[in-house]
Amino acid sequence: MKKLFSIILISVALLQISLTSAFATASVSFEMQNADMKPNRLFSVALSANSGNRLSAATFEFTYDSDYIEFRKVKAVNNGSKIQVNKKSGKVKVVFLNSEGQNISGGSDVLTLDFKTIKEGTAYIDYTVNQCVDSDVNFMDVGSCTASCIRIYKNASGTVSGGSSSSSNKNSTQATGKGGKSKHPTEPTTVNASDDEYIDYNPIKDKQIKFFLAGMGITAGCLAILAVAYAIGKKSAQKKAEKEKNHNDNTLENKTSDD
């Protein structure tokens, strides 16, 4: 019984830690730059983040109109950050990791994405954000997310605006979504792509993320052990009760025979 009680205490403690992380209240917002570009031009737009907490991990899924722009590459702005990228036509998935946590207080560029314009028209770079974790290994709520508007025409100025790199925004067509999904005027929200459309990621080597995932695994393991221990204890109690019943029955039978 003492061992069973210890297992219960450990399981409850680990479950509390996991629940505290899962229901953290820190929030983060994201904004992406706009661009006015001529056809057949290379350009870069930045994705910035803003929060009082440091950003250690996040998963981004970008979607864009491949008829108007062509994706070239994506890189992390901070030298201490690492990214893992999976791409296919019209979609790019990026896992961002920073073991120390990038300071994004007041707004800071997190990623830059390079594209090439193809033909005249208006294209949007939309995105979803999931699994945001701060430097204390707590989940962060995702607030506002602003999409990128790319206007492509012959006499374009070739300028990039918006985001943390510029205080002015020349494109009036920009709209802001909430809850981890950016939004623009032509579509209500970004359509989520299923994970099975992408190849498996390389193993994540970030120590803090591995520690968090290990904690979740330990909690699940302890709960499983608790269930097994409960089942064994219940079975043992049933056997003991059955043994006592048989003993009492034999005693009563012997007493009746003596009488």
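Colleague: Which share of the contacts in the protein chain with a separation of 6 or more comes from residues 24 or more positions apart?

Modeller: In this predicted model, residues 24 or more positions apart account for 79% of the contacts in the protein chain that have a separation of 6 or more. As for the elements behind that figure, the secondary structure of the chain comes to two helices and 13 strands.

Colleague: How do strands of a sheet pair, and which order do the strands of the open sheet take here?

Modeller: In general, strands of a sheet pair through backbone hydrogen bonds, and the pairing is either parallel or antiparallel. Here seven strands form an open sheet with mixed pairing, and their order is E6-E7-E4-E9-E11-E2-E12. Its edge strands are E6, residues 82–88, and E12, residues 159–161, each of which pairs on one side only. On average, and with direction ignored, neighbouring strands of this sheet are turned by 15 degrees against each other.

Colleague: In what sense do E6 and E7 pair, and which residue is the bridge partner of glutamine 84?

Modeller: Strand E6 and strand E7, the latter covering residues 91–102, pair in the antiparallel sense over seven bridges. Glutamine 84 has valine 95 in E7 as its bridge partner.

Colleague: Is strand E8 largely enclosed or largely open?

Modeller: A residue counts as buried when its relative accessible area is under 20%. Nine of the 10 residues of strand E8, which spans residues 108–117, are buried, so this strand is largely enclosed by the rest of the structure. For the protein chain as a whole, 37% of the 259 residues count as buried.

Colleague: Which strands pair with E8?

Modeller: Strand E3, residues 42–50, runs antiparallel to E8 and is joined to it by eight bridges, while strand E5, residues 69–76, pairs with E8 in the antiparallel sense over seven bridges.

Colleague: Is aspartate 114 buried or exposed, and what is it in contact with?

Modeller: Aspartate 114 belongs to strand E8 and counts as buried, because its relative accessibility is 14%. If its neighbours within four places in sequence are left aside, aspartate 114 is in contact with Phe43, Ser44, Glu70, Phe71, Arg72 and Lys73.

Colleague: How many residues does the largest nonpolar core have, and which of them have the most contacts inside it?

Modeller: The largest nonpolar core has 36 residues, and those with the most contacts inside it are Phe30, Phe60, Phe62 and Leu111. Another core, of five residues, lies apart from it, and Val95, Leu97, Val133 and Val137 are among its members. To return to phenylalanine 62, its contacts beyond four places in sequence include Met32, Leu47, Val92, Leu111 and Ile125.

Colleague: Where are asparagine 40 and glutamine 131 found, and what are their phi values?

Modeller: Asparagine 40 is not a glycine, although it has a positive phi of about 60 degrees, and its place is in the loop between strand E2 and E3. Glutamine 131, also a residue other than glycine, has a positive phi near 55 degrees and is found in strand E9, residues 121–134. Asparagine 40 counts as partly exposed because its relative accessibility is 48%, whereas glutamine 131, at 54%, counts as exposed.

Key: Residues are numbered from 1 along each chain as its sequence is written. This is a predicted model: local features need pLDDT of at least 70, side-chain atom pairs count only at pLDDT 80 or more; totals for chains, interfaces and linings use all residues. Side-chain values use heavy atoms; hydrogens and water are left out. Helices (H or I, at least four residues) and strands (E, at least two) are DSSP runs, numbered from the N terminus. Buried means under 20% relative accessible area, exposed over 50%, partly exposed in between (1.4 Å probe, protein chains only). Contact means heavy atoms within 4.5 Å. Two strands pair if DSSP finds at least two bridges between them. Axes are lines fitted to C-alpha atoms, for helices over the stretch in contact, and angles run from 0 to 180 degrees between N-to-C directions. A nonpolar core is a set of buried Ala, Val, Leu, Ile, Met, Phe, Trp, Tyr and Cys residues joined through side-chain atoms within 4.5 Å.
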